[in-house]
Amino acid sequence: MVLQDELYGGTFNLVMRELERQGIEYTLAATNADAMIQATNGKTRVIYLESPTNPLLTVVDIQQVAEHARAQGVITVIDSTFASPINQNPLLLGIDVVIHSGTKYLSGHSDLCCGVALGSRELIKRVCATASNYGGSLNAGDCYLLERSLKTLQLRVAQQTTNAAVLAEFLDQLDEVANVFYPGLKRGAGYEIACQQMSGFGAMLSFQLKDHAVDAFTFQKNLSVIKPALSLGGVESTICSPAITSHRHLSEEERQAMGVTDGLLRLSVGIEDVADLKADVLGALKNDR
Ligand SMILES: *Cc1c(COP(=O)(O)O)cnc(C)c1O
C-alpha cells in the first residue's frame, strides 16, 4: 500500500496499528501525485489519497494518480471528507473507492458518528463484509438523523463554501495573519489543480497567526460566534489548534517539519452570516492587544 504522508490523524493511527498487525507493507510518500506514483512498484495493490488534507489543505492531483494506478491494476482509495460530495466527485476522476466521514458534512449538525464508502458493487461488497466484522453497523436513530441531514447537504455546503471563500480572502489581508491555506486562494500552491478537480473549494481553511502578533490560545478564547471544537463540517463555525489536538502526539520538530506550528488554526466555516464571522475575528484580535 502506498499512502501520502499528510493524513488525517485517525487514519495515520490505523495505518500504524492495523497494517503492521496484518502484515501489510506500506510506504508513506510525499503528498503529491508524482511522489505517490514513484513510490508504487509491482507489489503495490492500493494507493491511498486524501485531498484536500487536514490541516494544511494540500491539494493532490487525483486524476493523475488514478490514471497511473488504473493502468497498473492498482486500486485507489481517497478520503474526500474535506471537500464533501458537493465540491468533489473523485469517482468521476477515475478513483475506485471514495470514503467520507459522514460525521462531518453529511451529518452537518455535529450530532452523529458515521462513515461512507462508495465504489463499484464488487468492491463495496468486500468493504461491507469487512465493516460488519469490525462493528460498522449504524443504529436506527443515527440513520434517521443522517437521512434528514442529507436533504439539506447541498444548501448547507454551498453556503459554507461561499462563506469560507470570503473569510479566506479577509484573513489573508489581515496584518496579524502570516499565511492562509485555502484551495481557492489564487496564490496558493493547490489552486490550479483544485480548479480542475473541485466544483467548489470547500469550507475548511487554516491560517497562521504571526508569531508575535497574537497568541493563538487567547485568540480562540476571545471568539464568541466561532466555537473552539475538534470536529468539523457542522452548520456552526468551529476552530481548533492542530498543534494541541490532532497533532499533539508529534514532537515539536515533527510538527514544525509538517508546517503545523503553534500559531496555526484550523477553521471549519459554518452557515452563519459571514459579516458576523468577520466581526468575530476582528473582535478576537482586538481583545488581545
Ligand atoms: C473526521 C475525519 C475522519 C474520521 O471520521 P470519523 O467519522 O470521526 O470516524 C477521517 N478523515 C477525515 C479527513 C476527517 O476529517
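This is a predicted model: local features need pLDDT of at least 70, side-chain atom pairs count only at pLDDT 80 or more; totals for chains, interfaces and linings use all residues.

Reader: Happy with that. How many helices and strands does the protein chain have?

Author: Helices (H or I, at least four residues) and strands (E, at least two) are DSSP runs, numbered from the N terminus. Here there are 11 helices and 11 strands. The radius of gyration, taken over C-alpha atoms, is compared with a globule rule of 2.2 Å times the number of residues to the power 0.38. The chain has a value of 19 Å, close to the 19 Å that the rule gives for 289 residues, so it is as compact as a globular protein of that length. Its C-alpha atoms fill a box of roughly 55 × 45 × 35 Å along the principal axes.

Reader: Now the ligand. Which residues surround it?

Author: A residue counts as near if one of its heavy atoms lies within 4 Å of the molecule. The ligand is surrounded by Tyr8, Glu50, Asp79, Thr81, Phe82, Ser101, Thr103, Lys104, Cys114 and Leu232. For classes, Ala, Val, Leu, Ile, Met, Phe, Trp, Tyr, Cys and Pro are nonpolar, Asp, Glu, Lys and Arg are charged, and the others, Gly among them, are polar. On that basis the shell has four nonpolar, three polar and three charged residues.

Reader: And which polar side-chain atoms lie at what distance from the ligand?

Author: A polar contact is a pair of N or O atoms within 3.5 Å. Ser101 places a polar side-chain atom 2.7 Å from a ligand oxygen atom, and Lys104 has one 2.8 Å from an oxygen atom of the ligand. A ligand nitrogen atom is 2.6 Å from an N or O atom in the side chain of Asp79. Accessible areas come from the Shrake-Rupley method with a 1.4 Å probe; taken alone the ligand exposes 380 Å², and the protein buries 76% of that.

Reader: How do I read empty space?

Author: Rolling a probe the size of a water molecule over the atoms shows where empty space is left. On a 1 Å grid over the protein atoms alone, a cavity is a set of points where a 1.4 Å probe fits but cannot get out, while a pocket is an open set with protein on both sides within 12 Å along at least five of seven lines; lining residues have an atom within 4 Å of a point. Grid points are joined across faces, edges and corners, and a volume is the space filled by probe spheres set on the points. The second largest pocket holds about 570 Å³. Of its 23 lining residues, the closest to its centre are Tyr8, Gly9, Gly10, Ser246 and His247. Helix α1 gives the most to this lining, with four residues.

Reader: What lines the largest cavity?

Author: Its volume is about 50 Å³, and its lining consists of Glu6, Leu7, Asn54, Pro55, Leu56, His247, Met258 and Val260.

Notes. Residues are numbered from 1 along each chain as its sequence is written. Side-chain values use heavy atoms; hydrogens and water are left out. A polar contact is a pair of N or O atoms within 3.5 Å; within protein, one must be able to donate a hydrogen and the other to accept it, and residues adjacent in sequence count only if both atoms are side-chain atoms.
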